[in-house]
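Here are some notes to read with the structure open beside you. Take the points one at a time and find each place on screen before moving on.

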Amino acid sequence: MDGRAAVVGMILAVVFAACTAPSPVGRASASASATPRRGGTLVVAASADPGQLNPAITTAGGTHFVADNLYNGLVFLDKELNLKPDLADSWTVSTDGKTYTFKLHPGVKWHDGVAFTSADVKFTFEQVLLKYHSRTKSGLEAVLARIDTPDDNSVVFRFKTPYGPLLERLDVVEAPIVAKHIYEGQDPTKAGANLKPVGTGPFKLAQYVKGDTIRMVRNPDYFKKGLPYLDELVFKVIPQSSTQVLALERGEVDYVSGIPGPDLARLQQNTGLTIAKSGAGSGGSFCITTLIYNLSRPPLDKVEVRQALAYAIDRQQILDKVYFGQGRVAVSPINSSIAWAFNPNVTKYHLDPAKANQLLDAAGLKRDANGTRFKLEFVHATSFAKIGDLVKQELAPLGIDLQLTALEVNAANDRTFIGKNFDIGSASYCNGPDPEIGVRRVFVSSNIGQILFSNGAGYRNARVDQLFDQAAAAADKSERAKAYFEIQDIVTKDIPVWSLVETEGYRVWSAKYHDAYYWSGNLAEAVWRDQ
Amino acid sequence: MTRYVIRRLLEAVPLLFAVVLLTFVLVHTAPGDPVRILAGDGGDAAYYAAMRAKFGLDRPLAEQLVIYLGSALHGDFGYSYVQRRPVFDVIADRIPATALLMVSALLLSMVLGIWLGASAARRVDRLADRVITVGTLIGGATPAFWLGQVLVLLFAVGLGWLPVQGMTSARGVAPGVDAAVDLLRHLVLPVATLGLLQLALITRVTRSGLIEASREDYVRTAYAKGLSPATVLRRHALPNVLLPVVTIVGSHFGTLLTGAVLTEIIFAWPGLGRLLFDATISRDYPLLMAMFLVASVSVILANLVTDVAYTALDPRVRLT
């Protein structure tokens, strides 16, 4: 092993059941002192039909929400994003940050009884994830040199340059491991096994009625002893969230994620329900609703104008009226849930229309006879329409005429990221479990191009580029945090994008059920039901 | 008649070709790129290029069209970009649910509509007639997305008689009679939602047709022969009214299909409606093309069946 090997990050084999299940925040859970019981069925409302059940070939939230329960990653991320063992019991990182060595859990079996080995991990990355999982491909392909398998229970990832954020990319959402003996020699995107999945996960597929029901049963040979507790895990496809809530209240389903704001107050009164909130999930984690300023167009090329907008837009109002309080006003483009990388001491812009007016005056943007200084076009998906209405009202007294162009989401993304035909655009940028995954793309100049959810503002700052490279290459987390802190200092002054709200989804489930990993792909691994 | 049917089917070929051509141009020129959408918030230029090559989207549009038409002539309509299965497999999975919903709605609206229309016609300008007439006006003007939600709130949430959503219960249903009853319970509200517009139309056409027929000589003659009102209605007046009813049903097949899309989304019914919505959002070109084709074929067939039905209902009609 090159560079050898001081152990930097190391987790010993911990019995997984000891992994603490965090309590839901909305209401006390009865699970802490109670003994889990075996049996029962959990019916989960799914917003979309998964279409197919191989999570390694897609980043689609609809597929991962269901299919992740059939698979495992090498690591598991707990609610605070701490690394816990999953298929890998332990791991070491070389001092130069270029070599990661994983020890796999012994005796793991695929659902068909075949032994799981390091060859499955190598195959999954090389033949599936690095070709078809868009986030893993774009994140790792350029930096990964090769994957070695010295024995059946060891996997070694070798990088061309030091790479810090690997471990956070290895959970079941970012890197689910699929079976080599099932997919080898086939196009993994078309394989029949995508509808008859063979995983290592806590549940096995029993029935898939397209567009309606996905029924899973307990995997009796699951490698985490004693888990899962449930006999059955059933996903019921219910596209509309309002219908999901009604189905929950009527007992047709037991678990719902994504609660419409107007329903929340009513559900909070229902003592038969447990409510939790989380910014993480299988469809994208730690998302921030963001305005994107087109820096190639005046007057948004002037930093004073962007700062004026920051003083003029009431983000608390957006949080309250658009998101019904489901989230937090953003401080920086790095989500505060990624606590180690989040810098709370950046430039803050409290609501101050007078200051906004001063900045616009100082920028030489005079009002015309009608009191208008300039017009801006806000191109947005229809889901951002309420934000558009609020911002338009707030900017009007400053003499800014905001023209609202509401489009179907794909058309809006095309205008913003591909056609670059906008003054202000909008996106929900999901950070993922590490800023390298979801924040870097927003600011680095190498990511200006016709790519969705890229650096849509066209922001160029050599220091910021350099800091992102440093953060990616450092193996030490404190080194990485230092770089991210400085980045946040810079971009909250430059404001190429304006972070509005850290959105958080509420999950609600019947209080008879406990220990849902609602932030994770493996939702029901440890869920148990009262008798 | 066989020659007529064959001729109509042959005439449909250029029509379907035009549908394919038009939908191909429409779906490919709509803003939004399936590869970028598939990549979601990940992906980079290399991923886009690899997937474009995989799907053949890196070729010029005209070449893509030629390849598509060539494959389609051989019965290969491609793979869904999202589900990665042959598109007709994807569609075939969803047809039974939509067919069940549409056929149930159609049958119910025909039986109830003719009965209500006949009831109103026999009591012209009396209370029952007025109630039915006003009811059909309201029913015909009520949008499905609103009606569906109101029915759910009333019968599922408020009274608790029927399920809120879906085609089956997720747990606790034994196969056999229990499963059939479970299916029927799930069917009631979606069928009521989808069938209301048809019911209103059929009721009104039946009513006006019967009122008109009552003034005809052959009805007067039938009464003069001493036949009972029920017999006159059943044997003489109603068969003449069925023709416009069949016309309504045939010509509104497309509307019914559109209504099914909305109804399925409201009730989480696992049919073609949601599939069409998802395929549109994800710009799943092959799946969208195939769904438009299936919809076009079904409308053409519905019109053909309507024409053939005329011959059964009216011996004077000859199809040549």
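**Notes on the two chains**

1. Let us begin with a helix pair in chain B. In helix 7 of chain B, the residues B:A144, B:L147, B:G148, B:L151, B:V152, B:F155 and B:A156 meet B:L189, B:A192, B:T193, B:L194 and B:L196 of helix 8 of chain B. Sorted by type, the residues of this contact are 10 nonpolar, 2 polar and no charged. Please keep in mind that this is a predicted model.

2. How do the two helices lie against each other? The axes of helix 7 (residues 144-158) and helix 8 (residues 177-213) of chain B come within 9 Å and cross at roughly 150°. The crossing of helix 7 of chain B and helix 8 of chain B is right-handed.

3. Now step back to the whole of chain B. How many helices and strands does chain B have? The secondary structure of chain B consists of 13 helices and 0 strands, so reading from the N terminus gives α thirteen times over, as the definition of these elements counts them. The C-alpha trace of chain B spans about 85 × 55 × 35 Å along its principal axes.

4. Of the 320 residues in chain B, 37% are buried. Among the contacts in chain B with a separation of 6 or more, 72% join residues 24 or more positions apart.

5. Next, look at where the chains meet. Contacts link 37 residues of chain B with 41 residues of chain A. On the side of chain B that touches chain A, at least two residues each come from helix 2 (34-39), helix 3 (45-55), helix 5 (87-122), helix 7 and helix 12 (272-281) of chain B. The residues on that side of chain B divide into 19 nonpolar, 8 polar and 10 charged.

6. In chain A, 4 strands form an open sheet in the order 4-5-7-6, with antiparallel pairing. Which strands stand at the edges? They are strand 4 (88-93) and strand 6 (144-151) of chain A; each has a single partner strand, so one side of each is left without a neighbour in the sheet. From one strand to the next, the twist averages 20°. As background, strands of a sheet pair through backbone hydrogen bonds, either parallel or antiparallel.

7. Strand 6 of chain A pairs with strand 7 (residues 154-159) of chain A in the antiparallel sense, over 5 bridges. To find the pairing on screen, look for A:D151, which stands opposite A:S154 in strand 7 of chain A. Helix 2 (residues 118-132) of chain A packs on the sheet, where it touches strand 5 (99-104), strand 6 and strand 7 of chain A. The direction of helix 2 of chain A makes about 165° with that of strand 6 of chain A.

8. Some backbone details deserve a check. Most residues other than glycine have a negative phi, and most peptide bonds are trans. Where are the cis bonds listed here? One runs from A:L227 to A:P228, with omega near -10°, and A:P228 is in the loop between strand 9 (213-218) and strand 10 (232-237) of chain A. Another joins A:P298 and A:P299, with omega about 0°; A:P299 is in the loop between strand 13 (287-293) and helix 7 (303-312) of chain A.

9. Two residues have a positive phi without being glycine. For A:L81, phi is near 70°, and the residue is in the loop between strand 2 (75-77) and strand 3 (83-85) of chain A. For A:I495, phi is about 45°, and its place is in the loop between helix 15 (477-494) and strand 18 (497-503) of chain A. Is A:I495 buried or exposed? A:I495 counts as buried because it has 23 C-beta neighbours inside 10 Å, whereas A:L81, with 18 other C-beta atoms within 10 Å, is partly exposed.

10. Finally, visit A:V409 in helix 11 (residues 409-418) of chain A. A:V409 has 15 other C-beta atoms within 10 Å, so it is partly exposed. Beyond its neighbours within four places in sequence, A:V409 is in contact with A:A381 and A:S383. The C-alpha atoms of A:V409 and A:A427 are separated by 9.8 Å, and these residues are 18 apart along the chain.

Terms used. Residues numbered from 1 in each chain as written. Chains lettered and ligands numbered in written order. Predicted model: local features only at pLDDT ≥ 70, side-chain atom pairs only at ≥ 80, totals over all residues. Buried ≥ 20, exposed ≤ 12 C-beta atoms within 10 Å, placed from the backbone. Contact = placed C-beta atoms within 7 Å. Axes fitted to C-alpha atoms, helices over the stretch in contact; angles between N-to-C directions. Left-handed = near helix turned anticlockwise from the far one by under 90°. Nonpolar A, V, L, I, M, F, W, Y, C, P; charged D, E, K, R; others polar. Pairing = 2+ DSSP bridges.
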